[in-house]
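Visitor: I am new to this structure and would be grateful for an explanation of the terms used to describe it. May we look at it together?

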Amino acid sequence: MGINFNLLAGGELLLRKDILKAASEVKEMIFPVFTNGTVITGSYLDLFAENLHLIPIISLEGCKESTDDRRGQGVFNKVIHAMKLLKKGDYFMARLLLSLLKTWFLPLLLLISPY
């Protein structure tokens with residue numbers, strides 16, 4: 001029985017380029033990479049474009065207030081910017097922690113959704 005899926009989560013994995021480099025070399029395995037998205041820049045866009053088996057999964061609490069309360073002031077805007085950059089390459093997923101009371105932000109997701 002082979003393993004073809006390995007979830008990379010815990011901490012901010014984009015700060016561990018050694019782990020991403022090792023994962024990038026195992027082309028026959030899919031690696032979802034959980035990230036808060038705040039450090040995604042050109043070098044990471046290139047990494048994900050060249051290694052489609054590394055799948056960035058952006059964590060977002062939902063609305064700006066909830067995200068910034070949990071992750072720090074300004075994080076929401078950085079995450080949305082990263083999602084827009086990744087959308088251009090069509091290689092990311094978003095993990096949203098939704099609150100029924102804070103679903104007013106859903107129209108915002110339509111701005112970055114490819115659908």
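Guide: Let us begin with a definition: a residue counts as buried when its relative accessible area is under 20%. In this predicted model, 39% of the 115 residues of the protein count as buried.

Visitor: What makes up the protein, in helices and strands?

Guide: The protein has 5 helices and 3 strands. Read from the N terminus, the elements follow the order α-β-α-β-α-α-β-α.

Visitor: Why is leucine 7 called partly exposed?

Guide: The relative accessible area of leucine 7 is 43%. Buried requires a value under 20% and exposed a value over 50%; leucine 7, at 43%, is therefore partly exposed. Leucine 7 belongs to the segment before helix H1 (17–24).

Visitor: Which residues make a nonpolar surface patch with Leu7?

Guide: Phe5 and Ile30 form the patch together with Leu7, and its area is about 280 Å².

Visitor: How do you know whether lysine 64 is buried, exposed or partly exposed?

Guide: Lysine 64, which lies in helix H3, has a relative accessible area of 32%. Beyond its neighbours within four places in sequence, lysine 64 is in contact with Gln73, Phe76 and Asn77. The C-alpha atoms of lysine 64 and glycine 74 are separated by 8.5 Å, with the two residues 10 apart along the chain.

Visitor: Which residues of helix H3 are buried?

Guide: In helix H3 (residues 64–71), the buried residues are Ser66, Thr67 and Asp68. They pack against strand S2 (54–60) and helix H4 (75–89). Just after H3, glycine 72 has a positive phi of about 120°.

Visitor: What makes a set of residues a nonpolar core?

Guide: The members are buried nonpolar residues joined through side-chain atoms within 4.5 Å. The largest nonpolar core here has 23 residues, of which Leu14, Ile40 and Tyr44 touch the most other members. H1, strand S1 (31–35), helix H2 (42–50), S2 and H4 each give two or more residues to this core. H4 supplies the largest share, 7 residues.

Visitor: Which residues is isoleucine 40 in contact with, leaving aside its neighbours within four places in sequence?

Guide: Isoleucine 40 is in contact with Leu14, Thr35, Leu45, Ile58, Ala82, Leu85 and Leu86. In soluble globular proteins, nonpolar side chains tend to be buried together.

Key:
Residues are numbered from 1 along each chain as its sequence is written. This is a predicted model: local features need pLDDT of at least 70, side-chain atom pairs count only at pLDDT 80 or more; totals for chains, interfaces and linings use all residues. Side-chain values use heavy atoms; hydrogens and water are left out. Patches are made of residues with over 30% relative accessible area and no salt bridge: like charges are joined within 9 Å, nonpolar side chains (Val, Leu, Ile, Met, Phe, Trp, Tyr) within 5 Å. Accessible areas come from the Shrake-Rupley method with a 1.4 Å probe; for residues, only the protein chains shown count as cover. A salt bridge is a side-chain nitrogen of Lys or Arg within 4 Å of a carboxyl oxygen of Asp or Glu. Helices (H or I, at least four residues) and strands (E, at least two) are DSSP runs, numbered from the N terminus. Buried means under 20% relative accessible area, exposed over 50%, partly exposed in between (1.4 Å probe, protein chains only). Contact means heavy atoms within 4.5 Å.
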